[in-house]
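The sequence and structure come first.

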Amino acid sequence: MIPKTFREVIDLGDGREISIETGKLAKQAHGSVVVQSGKCMMLCTVVSNYKQSPVDFLPLTVDYREKFAAAGRYPGGFFKREARPSDGEVLTMRLVDRVLRPLFPKDYHSEVQVMIQLMSHDENVMPDAMAGLAASAAIQLSDFPFECAISEARVGRVNGEFVINPTRAQLAESDIDMMIGASADSVMMVEGEMDEISEEEMADAIKFAHEAIKVQCAAQVRLAEAFGKKEVREYEGEREDADLEKKVYDMAYDKVYAIAKAGSSKKERGMAFSEIKEEIKATFSEEELENFGDLVSKYYAKAEKAAIRNLTLDEGLRLDGRKTDEIRPIWCEVDYLPSTHGSSVFTRGETQALATVTLGTSRDANKIDMPSFEGEENFYLHYNFPPFCTGEARPLRGTSRREVGHGNLAQRGLKGMIPEDCPYTVRVVSEVLESNGSSSMATVCAGTMALMDAGVQMIRPVSGIAMGLISDAESGKYAVLSDILGDEDHLGDMDFKVTGTAEGITACQMDIKVKGLSYEILVNALQQAREGRLHILSKLTDAIAEPAESVKQHAPTMVTRRIPNEFIGALIGPGGKVIQEMQKETETTIVINEDPVTEEGIVEILGVGSTGIDAVMAKIDSLLFKPEVGSVYEVKVIKMLDFGAVVEYMDAPGNEVLLHVSELAWERTENVSDVVNMGDVFDVKYFGVDKRTRKEKVSRKAILPKPEGFVERPPRDRNDRGRDNRNRDNRNRGNNRNRD
């Protein structure tokens, strides 16, 4: 029996649409949908345990996977099975998680799993833009306590026109690539990269995406109503005690306010706040703490948050004593590490990043192998966040999702300023050594300086800043905070990071926690961020004003040469023998790629110093050498034969030609050594390919004056040669008969 299905269709314009269907697959999940656009299909399932978890947070797992079968491909590597998620999949998980998590009740602690799988791929559809829609649609069909439907959409701008969920081809021509997550009422998440756009243009792009998201949210609501919206499940929430909350608030608020107003370092502040908390706990008996000690900690945190927020809203002061638009002290240094190709240290307040740059060939490109995309990155950035940077000792469990996300943001901020004609593959690594507020933006700043120190000719330097927002709906007050601290990150209603040049924004990441944030406040916040970015940018350019004119003495120089495709085989040699010997002799790295457009070979030569590179270039010149008929060339004798000498062109070592004995001199030559010897250097004239011998012909005598009285022997008639041959044959036959 075919199950009953329910379906909603969303019109994207341009003949494109997205359908949401439920009722056919994964019916034991608490909610499941199939989202389809073109041939792209993804299945999303959601499940939540009915028993509350003992932890004091929401144990939400968002898992996004792309199946290789979806694109008719096999997984790469030895084991033909999908394994750990790729960075691209991790980034999609983070995008969805950041929008879903705030919409669950704060006291809902049951484990939730959202699993999204790409089951069928369409090269004209980018699946990550539909992952948020799929997750929310599945939750709408469940009984989870969830505030409202949300969706995510990608917005691009092609030829000045905004496009929702552009194709990859359209995105290649777009100057904006932004992912927006929102409900029907509020924008909640923004992340993307731009080609130096203005703050107003960014706000316009967000508005455009939000209108499309409203349509997608309405479609989810209609689907849930048609399917039969389930009653929200009951769950055991957190204990509450209003009297205890007021008691703790009264005991903590004024003390926290005073410490916050005093302005102190992270360590001093943390110790002072801990002392207040312990003093409050000391007023309760052991039995009371055993019964509701968790509530005391919870209510103290609320009082601390309220005091710090009110200090900023009422007096314009912050935890470290700064004003709302003030940037922490900055110091920078370049060329810090002597052996790297480029390095820098960027320190802002209690946040510090050490960046290194490594230059390589196309062989060092970062290969991306996903069912939805295959390609290479010639510029990429890796971000490391060790436990010691926050004064902690934590287990080391490999690269975290946070490190992948923050590194990707910094990479997107910088990559647009790497010129297209940069011959190198460039890898930037950021080691976060201290962290108290936006190490990802410190990474952008350190990365900019390290790139310029390495001699990468950046179009313009890039800086980044982390911003915050504290607002009060009742009073209408709000404060935009420049260069937020780690403690301020979770206290505000919005935190966002913006990177850019003096010309405009190159990347951003926003998490908006307050409903109905006006676009006026958003633009004001972006304008304040611009002022902060430019201040930080001036500190970077004070440390290094322009990119170094060339790479460091110990860093490799890259030279690129194009050759016709027919010469690639000769340069590589049988079994790679020629190129391998050449790399060994010249101490260079040689990489050969084919350009399918121009049908040429692109030869990359990477070496320290010019000697080895010059030797490789000479070999290529020799390989491409084609003498012109009638031209004179200098040659050297490299081999003596009975019937001539083998000579090598001095301008093209390795190119040899036979100089026949008859072309050595005008006089008759019996012995080659009577005229030339090994190692002799002289000029010859090139005559092209001889039609009779089908071999290249060069002549020494052709450029020598004829001796006085020299009479050239006339060429013999072919018929005479034929008669001579016949007479010789007759004589031979007669002699043979006489012998018989």
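Q: Which strands does helix H9 lie across, and at about what angle does H9 run to E12?
A: In this predicted model, helix H9 covers residues 439-453. H9 lies across E11, E12, E13 (351-360), E16 and E17 (425-434). Its direction relative to E12 is about 145°.

Q: In what order do the 5 strands of the open sheet stand?
A: The pairing in this sheet is mixed. The edge strands, each pairing on one side only, are E11 (330-334) and E16 (379-384). Neighbouring strands are turned by 15° against each other on average, direction ignored. The order is E11-E12-E13-E17-E16.

Q: Which residue in E12 stands opposite glutamate 333?
A: E11 and E12 (residues 342-348) run antiparallel and are joined by 5 bridges. Opposite glutamate 333 stands valine 345.

Q: Are helices H2 and H4 roughly parallel or roughly antiparallel?
A: The axes of H2 (residues 128-140) and H4 (residues 199-227) come within 9 Å and cross at roughly 30°. Angles under 35 degrees count as roughly parallel. H2 passes H4 in a right-handed crossing. The crossing angle therefore makes the two helices roughly parallel.

Q: How do the residues of the contact of H2 with H4 divide into nonpolar, polar and charged?
A: From H2, the contact has Leu133, Ser136, Ala137 and Gln140. These meet Gln216, Gln220 and Ala224 in H4. The division is 3 nonpolar, 4 polar and no charged.

Methods. Residues are numbered from 1 along each chain as its sequence is written. This is a predicted model: local features need pLDDT of at least 70, side-chain atom pairs count only at pLDDT 80 or more; totals for chains, interfaces and linings use all residues. Side-chain values use heavy atoms; hydrogens and water are left out. Two strands pair if DSSP finds at least two bridges between them. Helices (H or I, at least four residues) and strands (E, at least two) are DSSP runs, numbered from the N terminus. Axes are lines fitted to C-alpha atoms, for helices over the stretch in contact, and angles run from 0 to 180 degrees between N-to-C directions. Contact means heavy atoms within 4.5 Å. Angles under 35 degrees count as roughly parallel, over 145 as roughly antiparallel, 65 to 115 as roughly perpendicular and the rest as oblique. A crossing is left-handed if the near helix is turned anticlockwise from the far one by less than a right angle, and right-handed if clockwise. Ala, Val, Leu, Ile, Met, Phe, Trp, Tyr, Cys and Pro count as nonpolar, Asp, Glu, Lys and Arg as charged, and the others, Gly among them, as polar.
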